[in-house]
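Please open the structure in your viewer and keep the selection tool at hand. The stops below go from the whole chain to single residues.

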Amino acid sequence: MTIGEIIKNRREELGATREDICHGICTVSMLYKVENDLKQFYPETLALILERLGMHNVFDGDLITTTNYRYIQTIRQATNMVLSNNTDKAAELLSEIESDYDNFPTTTKQEFDRCETLLTERTVGMTREQKLDSFEKIIRYTIVDYNPENLPQYFTDSEFYVLTVIANCYYLLGRCDTAITINRCLKKYLSDVLMDRTRAARSLTLTCNNLAEMLIGEGDYEEALEIAREGFENGKSLNEISEAISSCMYNISVCLLKTGGSYEEASQMAFDAYNTSRVYNVIPEFTKLYKSFLDENFG
């Protein structure tokens, strides 16, 4: 089977149009030609198309040119340094490739700008409005007709991450309706797309937690409870402890108390949220929150 046939079969399996899959990556006519074995994608384009189709197991170094792969690896290392608060090393890594920026493929520019924005936020500081503006510029690299109220159905990993940050920015700016709309779209993508289920479950737990938290902020406890439970079950299926799982348990407890649900289950969920966060030392601030909530509501 040719790569064109693989792409076409996968797209039809998802029930997606060519427009759904190629926006911001290539033209519809180009995708048509590849599917019919009339042309071939450049390696970077092929990698992004496969990622949009949820075929992450066929993505990465083998499909990217050697030069661009080096850029991507450097940016990933810098991002990990930023997240580890090693900002000096992150800045050094980005400076090594910054002079080549104009020659980057569009999506590599997107990755570079994302990392640089995270670094600026950590080292210089950014207002929420500035961070939102930066990330919305980044998402327009590939979703050129970006509208937070009307998003496409399929995403690359980078688009998914950027949209998660955008949703959180809207939430912190008090625009809860927009934040909830974005997270609903991300959740639907994770639930519907036929992709590696372990990857989907990891992301779905966090997305469900974010969405439940936003719904709680809006006072919609019934739906928040349903979504927090879905996130918890997804996380539990991985047999991995994460802050998202602890937060889902905490949100379940909050919703049960607000809706008059089982006091025993609410108590157990609150205890488990605190205990897993404490034992695995996930985020100390959250551990304190869970402990305070446990003491105030369950003695």
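What follows is a tour in short stops, each with something to select.

This is a predicted model, in which local features need pLDDT of at least 70 and side-chain atom pairs count only at pLDDT 80 or more, while totals for chains, interfaces and linings use all residues. Residues are numbered from 1 along each chain as its sequence is written, and side-chain values use heavy atoms, with hydrogens and water left out.

**The whole protein**

Along the principal axes, the C-alpha atoms fill a box of roughly 70 × 45 × 35 Å. Of the 299 residues, 49% are buried, a term that means under 20% relative accessible area, with exposed over 50% and partly exposed in between (1.4 Å probe, protein chains only).

**Two loops**

Next, select Asp37, in the loop between helix H3 (28-35) and helix H4 (43-52). Asp37 has a positive phi of about 60° although it is not a glycine, and at 43% relative accessibility it counts as partly exposed. Then move to Asn85, in the loop between helix H5 (66-83) and H6, which also is not a glycine and has a positive phi of about 65°. With a relative accessible area of 57%, Asn85 is exposed.

**Helix H6**

From there, select residues 87-97, which form helix H6, and colour Thr87, Ala90, Leu93, Leu94 and Ile97, which are buried. Look down the axis of H6: these buried residues fall within an arc of 120°, so they line one face of the helix, the arc being that of the directions from the helix axis to the C-beta atoms.

**Phe112 in helix H7**

Now select Phe112, which has its place in helix H7 (residues 106-123) and is buried, with a relative accessible area of 2%. Leaving aside residues up to four places away in sequence, Phe112 touches Ile75, Leu94, Ile97, Glu98, Tyr101 and Phe104, where contact means heavy atoms within 4.5 Å. Show Ala78 as well: Phe112 and Ala78 are 34 residues apart in sequence, and their C-alpha atoms are 9.3 Å apart in space.

**Helix H9**

Which residues should be selected for helix H9, and how far apart are its end C-alpha atoms? Helix H9 covers residues 157-172, and its end C-alpha atoms are 23 Å apart, which agrees with the 22 Å that its 16 residues should span at 1.5 Å a residue, the expected span being 1.5 Å times one less than the number of residues. Among the buried residues of H9 are Phe160, Leu163, Ile166 and Tyr170. Just after H9, Gly174 takes a positive phi of about 85°.

**The cysteines**

Finally, show the cysteine sulfur atoms; with a disulfide taken as a pair of them within 2.5 Å, the count comes to 0 disulfides. The sulfur of Cys115 is 16 Å from the closest cysteine sulfur, in Cys169, too far for a bond. Cys169 is in no disulfide either, and the nearest cysteine sulfur to its own, that of Cys176, is 13 Å away. Cys115 counts as buried at 1% relative accessibility, and Cys169 counts as buried at 5%.

Terms used: Helices (H or I, at least four residues) and strands (E, at least two) are DSSP runs, numbered from the N terminus.
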